[in-house]
Every structure is written in C-alpha cells, then in structure tokens.
Amino acid sequence: MIRISAPGNVFLFGEHAVVYERPAIVAAIGLRTYINIERRNDDKVRVVSEGYGKIDSSVDELEKLDYSSHEDYEDEMDPLRDLIGYYFSQLNSPENGFEGKITSDIPKDSGGMSSSTAVIGSVMSALNRLYRTDVKKRNFFSHLYPIQVKIHGGSASGSEITSSTMGGYNRFWIERSGNETDFEFKNLGHHSYNLVIGDTGIEAPTEETVKYVRGGWEKDRESYETEFDRINDIVIEGKEALVNGEAEKVGELMNKNQKILRILGVSHPKLERLIQAAKDAGAYGAKLSGGGGGGIMIALCDESNKKEVAKAIEEAGGRAEMTEVGVEGVRVGDEL
Ligand code: MEV
C-alpha cells in the first residue's frame with residue numbers, strides 16, 4: 001500500500017487577477033488530502049472518497065472516457081474519473097487496476113482551500129508511483145491543468161496545482177498564447193508566518209465566482225484590467241515584504257487586496273464580518289482567499305495573538321483553523 005498526500009492552499013495575494021495573467025502569491029497549508037492506493041490483481045478500479053462518492057469501474061472503461069468540457073462534469077467524482085482516464089490513455093495503460101481510498105483534513109464544505117486540487121495532485125502522484133511512470137512534480141501542471149480548467153468552469157490559473165505539488169510559498173503566473181498556457185513559479189523560501197483561516201461555512205463554488213468576474217470583465221474590460229493592474233502592484237510589493245519577514249507590511253497589503261476583491265464583487269457580508277473581527281482582534285491584515293463569495297478568509301497574525309484572532313473569528317460566526325503555512329507539497333509515505 002502506498003500513502004500519498006497533498007496540501008490545501010491559500011492565496012496571500014492575487015486570486016482572480018491571476019486568471020488574467022497577473023502574478024499571485026499562493027502558499028501550501030497544513031491541512032492535507034490523503035490517498036491510500038494499492039494495485040489490484042484484476043483490471044478493476046475502485047476509489048472511495050469520503051464524503052464525495054466512489055468510482056467503481058475498470059481500466060478499459062476509464063480509458064475510454066471523454067470529458068471534453070466542464071459541462072460534461074455531472075458528478076463530484078467526474079474530475080477524478082477524468083484524471084484517471086487521462087492517465088490510462090495518455091501516460092500508461094496498465095493491465096491491473098487499483099484500489100484507492102481518499103480522506104482529507106480539509107472540511108468538505110469549505111471552499112477556498114483548494115481541496116479539489118489537493119485531490120487531483122495526490123491522485124496524480126499516487127498513479128505515478130504505483131505504475132512507475134516517473135512524471136516529475138514540475139510537470140504535473142501540464143497534466144492537471146486541463147482538469148483544473150474544467151473544475152473551475154472553463155477558466156483557471158492552475159496556481160493551486162503548483163502550490164499543492166511543490167509546496168512552500170510561491171509567486172506564480174501564467175501566460176497564454178492562443179490555446180497554449182504556460183506558467184512560471186518562483187519559490188519564495190521558508191518563512192514562519194502565523195495564519196488563521198476563518199471558514200464562513202458558505203459554499204461558493206469557484207466556478208461561479210470565476211464566471212462572475214469573467215462576466216464583469218467582458219462588459220467593462222478597461223475597469224477590470226485597471227483593478228487587476230492594482231493587484232499586480234500589490235503582489236510585487238507583497239513579495240518583497242514577505243521575503244523580508246515584514247508581517248505588518250504583508251498584512252497591510254492583504255487589506256488593500258481585499259478592498260479590490262470587494263470592488264470585483266467576490267466578497268460576502270459574512271467574509272467581511274470575519275475579516276473585521278480578525279482585524280479588531282489584532283491581526284496584521286485579513287482578506288478572503290480563493291474564489292470568494294463565501295468560502296474562507298485568512299488573517300495574518302502574530303504568534304502572540306493568533307489564539308485571540310481565532311476566538312474572534314469563531315465569535316463572529318466562523319470556524320477558525322490555526323494552520324501551518326508554506327508546508328511541504330505532495331509527499332509519499334505519510335503515517336497511517
Ligand atoms: C480559486 O481558488 C482562485 C481563482 O484565482 C481561480 C484560479 O486561480 O483558477 C479565483
């Protein structure tokens with residue numbers, strides 16, 4: 001049996017704008033998704049994902065699947081069927097199937113921590129190990145990106161794939177040329193920042209907020225591009241502050257980023273309430289993370305006040321989680 005895990009992620013800066021070729025800073029967090037996988041003696045493929053569903057199929061059946069667009073995803077397990085089918089048809093068509101069990105530290109209803117990316121990242125790594133295909137971590141992006149695009153309803157940056165796979169704090173950006181998407185990322189080194197995640201408990205699929213922003217951008221490109229440029233400047237300043245360990249400055253820039261996310265229409269009254277509570281309790285800064293519209297917010301704190309910030313978030317009606325940031329990416333051999 002092989003056990004593989006991949007972390008969830010948060011955006012310190014730059015969500016949404018990153019889909020429009022601006023940089024973002026994404027960090028891997030201490031909440032992980034795990035897969036236990038073992039080869040079967042027949043060609044069956046059985047996967048159970050706690051709270052999401054199961055796959056009961058065969059190598060041959062999965063290999064023939066064809067999800068050409070996000071509209072073909074009907075079931076929560078379809079992205080996984082798509083990935084496994086893609087792996088069998090494009091990378092390795094084995095005789096033996098496998099048995100897999102997926103579990104996660106990331107609460108199911110919690111948008112914004114990229115649980116779906118952690119799932120596809122850990123499964124890609126597990127297949128790679130099980131069938132010895134030797135795809136390098138850096139190249140996971142090109143295999144997983146088309147699936148991420150479908151999960152996000154037709155447009156995605158893929159930044160969470162890199163974060164979940166490589167781990168740490170990364171500055172990430174994409175470049176598109178025609179139908180091709182290329183990406184770059186830069187690891188920003190080790191830092192010990194204290195982060196509290198506040199979960200609104202409001203489900204807000206990233207697909208919907210990405211579409212919402214796309215709709216606004218299509219109507220008024222000039223204003224949206226101006227806001228994305230402002231986020232771009234925040235990311236540049238934020239990167240400097242982050243690598244120099246200037247928590248106060250990072251917090252201030254997170255607040256600025258939040259103001260623009262509000263203008264883009266992806267905040268939510270409950271997110272605002274949790275953000276305000278965190279700031280009132282002494283956080284350096286706070287913002288939503290990921291798609292928004294619900295989901296989660298993050299607050300950058302000091303070691304000395306993180307418990308108070310977490311308490312304030314809970315009192316304001318959120319579910320608080322104090323977590324490590326900048327952790328290891330996809331990894332093999334976690335304790336059972
Ligand atoms: C979603 O977690 C982050 C977005 O920027 C979309 C993406 O990067 O694909 C909203």
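Predicted model: local features only at pLDDT ≥ 70, side-chain atom pairs only at ≥ 80, totals over all residues.

Visitor: Is Tyr-145 buried or exposed?

Guide: A residue counts as buried when its relative accessible area is under 20%. Tyr-145 has a relative accessible area of 10%. Tyr-145 is therefore buried.

Visitor: Which residues does Tyr-145 touch, not counting residues up to four places away in sequence?

Guide: Contact requires heavy atoms within 4.5 Å. With residues up to four places away set aside, Tyr-145 touches Ala-156, Ser-157, Gly-158, Ile-161, Arg-176 and Thr-181.

Visitor: By what distance are the C-alpha atoms of Tyr-145 and Thr-162 separated?

Guide: Along the chain, Tyr-145 and Thr-162 are 17 residues apart.

Visitor: Why is helix 5 described as largely enclosed by the rest of the structure?

Guide: The buried residues in helix 5 are Ser-159, Glu-160, Ile-161, Thr-162, Ser-163, Ser-164 and Thr-165. Helix 5 has eight residues, and it is largely enclosed because the number of them that are buried is seven.

Visitor: What covers the buried residues of helix 5?

Guide: Both helices and strands take part in the cover. It includes helix 3 and helix 4, together with strand 1 (2–13), strand 2 (24–39), strand 6 (169–177) and strand 7 (180–187).

Visitor: Which residue with a positive phi follows helix 5?

Guide: The phi of this residue is near 75°. The residue that follows helix 5 is Gly-167.

Visitor: Where is His-16 found, and what is its phi?

Guide: His-16 lies in the loop between strand 1 and strand 2. At 5% relative accessibility, His-16 counts as buried. Although His-16 is not a glycine, its phi is positive, at about 70°.

Visitor: Is Asp-134 buried or exposed?

Guide: Asp-134 sits in the loop between helix 3 and helix 4, and its phi is positive, about 55°, although it is not a glycine. A residue counts as exposed when its relative accessible area is over 50%. Asp-134 has 57% relative accessibility, so it counts as exposed.

Visitor: Which residues are in contact with Asp-82, leaving aside its neighbours within four places in sequence?

Guide: Asp-82 belongs to helix 2. With a relative accessibility of 10%, Asp-82 counts as buried. Beyond its sequence neighbours within four places, Asp-82 is in contact with Tyr-67, Tyr-73, Ile-147 and Lys-150.

Visitor: What is the relative accessible area of Ala-278?

Guide: Ala-278 is part of helix 9, residues 269–280. Leaving aside neighbours within four places in sequence, its contacts are Ala-283, Ala-286, Met-297, Ala-299, Val-309 and Ile-313. Ala-278 is buried, and its relative accessible area is 0%.

Visitor: How far apart in space are Ala-278 and Glu-308?

Guide: In sequence, Ala-278 and Glu-308 are 30 residues apart. From C-alpha to C-alpha, the two are 8.5 Å apart in space.

Visitor: What volume does the largest pocket have, and which residues are the closest to its centre?

Guide: The largest pocket has a volume of about 990 Å³. Its lining consists of 45 residues. The closest of these to the centre are Ser-115, Ser-116, Ile-151, Pro-205 and Thr-206.

Visitor: Which helix gives the most to the lining of the largest pocket?

Guide: The elements that give two or more residues to this lining are helix 2 (78–91), helix 3 (115–130), helix 4 (140–151), helix 5 (159–166) and helix 6 (206–219). The greatest contribution is five residues, and it comes from helix 3.

Visitor: How many charged residues are in the lining of the largest pocket?

Guide: By class, the lining holds 17 nonpolar and 18 polar residues. The charged residues in it number ten.

Visitor: How many helices and strands does the chain have, and what share of its residues is buried?

Guide: The chain has ten helices and twelve strands. Of its 336 residues, the share that counts as buried is 57%.

Visitor: What radius of gyration does the chain have?

Guide: The C-alpha atoms fill a box of roughly 60 × 45 × 35 Å along the principal axes. For 336 residues, a compact globule would have a radius of gyration near 20 Å. The value for the chain agrees with this, at 19 Å.

Definitions and conventions. Residues numbered from 1 in each chain as written. Heavy atoms only, no water. 1 Å grid on protein atoms, 1.4 Å probe; cavity = no way out; pocket = protein on both sides within 12 Å on 5 of 7 lines; lining within 4 Å. Points joined across faces, edges and corners; volume = space filled by probe spheres on them. Helix = DSSP H or I, 4+ residues; strand = E, 2+ residues; numbered from the N terminus. Nonpolar A, V, L, I, M, F, W, Y, C, P; charged D, E, K, R; others polar. Rg over C-alpha atoms; globule rule 2.2 N^0.38 Å. Buried < 20%, exposed > 50% of the residue type's maximum accessible area, 1.4 Å probe, protein only.
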